[in-house]
Amino acid sequence: LSISVNQSILSQARYRLVFAFLIFSFLTILVGFIFFKAANMSALDNHRVKASRHYSNVISNLERRWGRAAFNFKIRIESEKFFDGNTKNNDRILAYLTAQGGSTEFPSLRIEDVRGKTIVSYEYVAETLSKVDFMLGQESTWVINSENKLFHVIRQLIWLGKENGYLLLFYPMDNAFLSQISYPDARLSLWWNEKPVASSEGEEGLSLAEININNMSHDRSNFLLPWPGVENAKTPILFVESNSHSLLDFQKFAVALASVLIIFLFSCWSTLGTWGLRTIVRIQALDKAHMNFHVLHKVDETVDTELEAAIAYQNDEISSVTLASERMMNNIMVKEAIN
Amino acid sequence: LVLLITLQAHSEVLRISISVPGPGAASYLPIELVSKIGADKAEGAELRVSFSPGGENSLTEMLTNNTDFALVGLPSAMSARLKDPRIIALAAINDLPLYVLMVRQGLIGEVKGVADLKGKSIGLHSNSTTLKTTSQQVLELIFRRSGVSVGSYRTVTVGRRWGSEPLMLKTGTVDALIADEPNATQMVEDKIAFKLLHLGDPETMRLYSGSGFLRGTLIGRKDRLESDPKKYEIMVRIIKRTLQWMATHSSEEILDKLEISSPDKRKQLISLFNKYPRQYSIDGKFSSRQLRETEIFFIDSQNGNLSAEAFRIESMVYDRWVGRKD
């Protein structure tokens with residue numbers, strides 16, 4: 001009886017080992033990739049939720065700060081009594097506002113009577129201010145001028161000597177404003193009528209925001225945050241683009257995964273592989289001893305050497321079978337000698 | 001196809017913005033001229049000019065991303081540079097600084113010299129304790145040299161607008177201020193104020209050494225220069241083109257381009273251009289001599305500020321595109 005090479009236990013073991021390693025590698029890469037995607041998506045979702053909460057708080061704080069500043073500013077103007085007496089002296093109030101410099105929150109303002117007629121108009125920075133329409137009960141609104149500059153307008157009553165009028169305070173929602181509230185690795189842009197009007201990164205930021213808002217579905221870290229306001233009133237939308245890096249870097253992750261596979265391969269080889277190879281060599285030696293005995297019909301030195309190699313100083317089942325084979329060979333030799 | 005080419009060409013226009021004190025300040029007129037003569041379009045760009053009440057505001061506009069560049073007095077930019085190393089100087093716009101110390105008409109006879117302004121209210125184009133505008137530095141230097149110390153007068157902010165300076169003098173909110181031309185001449189004609197001292201006069205320049213400093217300068221940001229050097233190079237080319245155009249055209253042609261039609265205003269500006277032909281740089285080049293003089297003026301006007309004394313102007317001058325002259 002002879003066994004061809006491709007049916008040998010060594011080639012069977014080799015194929016099985018390679019196959020097992022391929023299955024293991026495939027499953028490890030698959031699980032690793034799923035983990036990689038899930039971890040990054042979870043981190044980005046978490047980052048987006050935190051950023052959204054952060055900017056919601058920032059907006060609330062800003063609204064409170066502007067409200068306080070507007071009220072204090074109104075009180076300061078009223079306490080100067082510019083509108084008391086019969087003669088209106090706009091020069092005095094304009095000189096007063098000029099001397100305030102840029103120290104107030106609102107670089108532009110307008111004072112109107114209750115019928116909407118402008119009494120005083122002041123712009124610290126040269127601006128073209130548009131007419132502002134308020135809805136019933138609305139204390140603040142938004143207006144965009146001809147130069148595409150958006151203003152947050154806060155309106156409140158102001159005493160004009162004989163009757164109340166309105167003080168309209170204009171806060172510019174410009175690049176500078178967004179730069180002040182942005183944080184590293186984030187680009188903010190403010191949108192009005194589906195067009196960007198300001199960006200925390202200046203002119204370049206506006207162009208990039210226009211491109212990226214169309215690809216927003218591909219990027220989980222970017223989100224839109226409508227500015228809160230009175231129901232049915234139009235408000236701008238804050239577009240937050242987070243340049244935050246993924247939790248796991250793909251290259252680093254791939255190197256780590258490859259390292260795990262190499263370590264696993266080395267561990268398997270050093271523990272199972274070498275032991276399995278030694279075992280197979282012993283079985284092959286036993287097989288060879290049988291083959292030689294079959295051809296020679298005697299237990300000579302070559303058969304002895306192969307049997308010793310099969311035992312290999314081990315006390316296990318292969319050694320037991322080898323010793324049994326040796327006894328069987330000796331019995332056959334004795335029987336043949338008697339016959 | 002023509003439409004596509006037109007759209008493509010339009011989309012490739014480089015948008016550039018700059019903040020300038022004004023409008024109407026004679027020293028900064030070259031910037032108002034840029035788009036009128038098409039210097040920006042010739043370089044494939046579109047320049048948007050936004051006006052501010054003073055140099056400090058213009059620098060803030062640039063540093064907070066509202067504009068790409070600022071055009072301010074170099075001493076003002078040096079003062080800002082002490083706190084912000086991003087600030088760099090790119091091209092000289094002016095040659096001769098023209099500042100006028102104006103006193104309100106009501107004080108004629110009472111105020112005959114700078115020393116008489118002790119205890120008065122003085123208007124500044126400044127609203128910050130962290131940055132001194134060029135006009136503030138000029139004022140403090142003139143006052144100190146005349147024996148009027150910084151603590152012996154009151155300061156009030158005045159905006160650099162056509163209307164704000166006369167308003168502040170007329171209402172008596174300020175007694176004196178540093179004004180620009182042609183606003184200063186206009187205030188004299190309107191009998192709102194009189195000129196006490198003109199920095200462009202040779203006699204004043206002799207008395208106040210260092211007053212030949214570099215004023216109007218194109219200012220940019222180092223971080224932006226590194227991220228977008230092309231935009232910076234184009235902006236400098238636009239400035240050079242504009243200054244060269246001004247140097248080769250008559251005062252009348254300049255005013256025509258600026259669409260200044262008021263006969264009075266034209267007369268004032270033509271007189272100013274003729275009287276001070278050195279007001280504008282002809283090529284945007286930095287002059288080594290003027291930079292040294294600016295450094296002396298800056299250190300002198302800062303009086304005892306150790307960081308100003310240690311500051312060297314060359315650290316912020318970026319003359320790669322404009323070049324240098326003696």
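Analyst: Gladly, beginning with a definition: axes are lines fitted to C-alpha atoms, for helices over the stretch in contact, and angles run from 0 to 180 degrees between N-to-C directions. Helices (H or I, at least four residues) and strands (E, at least two) are DSSP runs, numbered from the N terminus. This is a predicted model, in which local features need pLDDT of at least 70 and side-chain atom pairs count only at pLDDT 80 or more, while totals for chains, interfaces and linings use all residues. Residues are numbered from 1 along each chain as written, chains are lettered from A and ligands numbered from 1 in the order written, and side-chain values use heavy atoms, without hydrogens and water.

User: Which word describes how H5(A) and H6(A) lie, and why?

Analyst: Helix H5 (residues 250-296) of chain A packs against helix H6 (residues 301-311) of chain A at about 160 degrees, and their axes are 7 Å apart. Angles under 35 degrees count as roughly parallel, over 145 as roughly antiparallel, 65 to 115 as roughly perpendicular and the rest as oblique. H5(A) and H6(A) are therefore roughly antiparallel. Their crossing is left-handed; that word applies if the near helix is turned anticlockwise from the far one by less than a right angle, and right-handed if clockwise.

User: What makes the contact between H5(A) and H6(A)?

Analyst: Contact means heavy atoms within 4.5 Å. On the H5(A) side the residues include Leu286(A), Phe293(A) and Leu296(A), and they meet residues of H6(A) that include Val303(A), Leu307(A) and Ile311(A). The contact of H5(A) with H6(A) has ten nonpolar, two polar and three charged residues. Here Ala, Val, Leu, Ile, Met, Phe, Trp, Tyr, Cys and Pro count as nonpolar, Asp, Glu, Lys and Arg as charged, and the others, Gly among them, as polar.

User: What is the relation between H1(A) and H2(A), and how do you know?

Analyst: Helix H1 (residues 9-79) and helix H2 (residues 90-99) of chain A pack at about 135 degrees, with axes 11 Å apart. That value makes H1(A) and H2(A) oblique to each other. The crossing of H1(A) and H2(A) is right-handed. Phe73(A), Arg76(A) and Ile77(A) come from H1(A), and Ile93(A), Tyr96(A) and Leu97(A) from H2(A). The residues of this contact are five nonpolar, no polar and one charged.

User: Now to chain B. How do you know whether its radius of gyration agrees or disagrees with that of a compact globule?

Analyst: The radius of gyration is taken over C-alpha atoms, and the globule rule is 2.2 Å times the number of residues to the power 0.38. For 326 residues the rule gives a value near 20 Å, and chain B has 20 Å, so the two agree. The C-alpha trace of chain B spans about 75 × 50 × 35 Å along its principal axes. Chain B holds 15 helices and twelve strands.

User: What makes E7 and E9 of chain B edge strands?

Analyst: Two strands pair if DSSP finds at least two bridges between them. An open sheet with mixed pairing runs in the order E7-E6-E8-E5-E9 (chain B). Strand E7 (154-157) and strand E9 (193-198) of chain B each pair on one side only, at the edges. Inside the sheet, strand E5 (residues 100-104) and strand E8 (residues 176-179) of chain B are joined antiparallel over four bridges. Leu101(B) has Ile178(B) as its bridge partner in E8(B). Helix H6 (residues 134-145) of chain B lies across E5, E6, E8 and E9 of chain B, at about 145 degrees to E6(B).

User: How many bridges make E1(B) and E3 of chain B a pair?

Analyst: E1(B) and strand E3 (residues 69-73) of chain B pair in the parallel sense over two bridges. Ile18(B) stands opposite Phe69(B) in E3(B). Both strands belong to an open sheet with the order E2-E1-E3-E10-E4 (chain B).
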